[in-house]
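Please examine the sequence and the structure shown here before reading on.

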Amino acid sequence: MLTLESVSHAFGGHPVLEDIDLRLEPGQVLAIVGRSGCGKTTLLQIASGLLSPTRGRVENRFRRLAYVFQEPRLLPWRTAWQNIAFGLKAMGAPPAEQRRVASALIERLGLAGAADKYPHELSGGMRQRVALGRALAIGPDLLLLDEPFGALDPGLRADMQRLLLDLLAERKVAALFVTHDLAEAVRVGDALIALSPAPGRIIARVPLGRTPRTDADAYVHRTVAAIWPQVSAAYPD
């Protein structure tokens, strides 16, 4: 479980987040939405322990976390499988285990035939799959995702959203998923919180159902329309 209580943060005296309370349960996917600059990335950094809040308390009882960024941030001199195995290598895993885990993820991520390719030889969608594989390779029970599909075209984004949900369910991984796209939050999250423009405050907490595999677009459109009155203040004109 991850708990944030009365968390606030400021940079140089300028408030970025104010009085954030949230709880993430094992296996839950919580989407965090709001406009650019409302403190979503800062909230992830605080949740990860990379940043200490100016005020408030953070308690993380998850065993291991991993981070996925909007940019894949792959090592250009390493192949796809070597990038996926990088965290395991850093943890001291034997080479045979690195290759075994990376090979299984290469297959599961639909990257067969690309294992020995370098990042510059991969498409944007393939690079993001490698980045996701690198995060999952270390066996996290908490995944933090900072607009990981924001640079992809709509078709690739939908494919990656479905793949992510399948992998999280298979591995029983909880996730905090940051996005400015309300439709993406509905498609991915079990619940969402909406942040006001800076300084970010929680202005809505919305439970969500799992997006069905059939008629998914229609479901997402209906849900966005239904919850818009609760979250519209996060997107002022």
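## Annotated domain

The unreviewed UniProt entry annotates residues 2–222 as "domain: ABC transporter"; such annotations, given in the numbering used here with shortened feature names, may be inferred rather than shown by experiment. The model is predicted: local features need pLDDT of at least 70, side-chain atom pairs count only at pLDDT 80 or more, and totals for chains, interfaces and linings use all residues. Residues are numbered from 1 along each chain as its sequence is written, and side-chain values use heavy atoms, without hydrogens and water.

Across residues 2–222, 36% of the chain is helix and 26% is strand, with the end C-alpha atoms 30 Å apart. Helices (H or I, at least four residues) and strands (E, at least two) are DSSP runs numbered from the N terminus.

## Largest pocket

A pocket is an open set of points on a 1 Å grid over the protein atoms alone, where a 1.4 Å probe fits, with protein on both sides within 12 Å along at least five of seven lines; lining residues have an atom within 4 Å of a point. The largest pocket holds about 210 Å³ of space, a volume being the space filled by probe spheres set on points joined across faces, edges and corners.

Helix H6 (residues 154–171) contributes the most to this lining, four residues. Among the lining residues are Gln161, Asp166 and Arg213. The lining has five charged (Asp, Glu, Lys, Arg), three nonpolar (Ala, Val, Leu, Ile, Met, Phe, Trp, Tyr, Cys, Pro) and two polar residues (the others, Gly among them).

## Second largest pocket

The second largest pocket holds about 160 Å³. Its lining includes Tyr67, Phe86 and Arg134, and H5 supplies the largest share, three residues. By class, seven lining residues are nonpolar, one is polar and two are charged.
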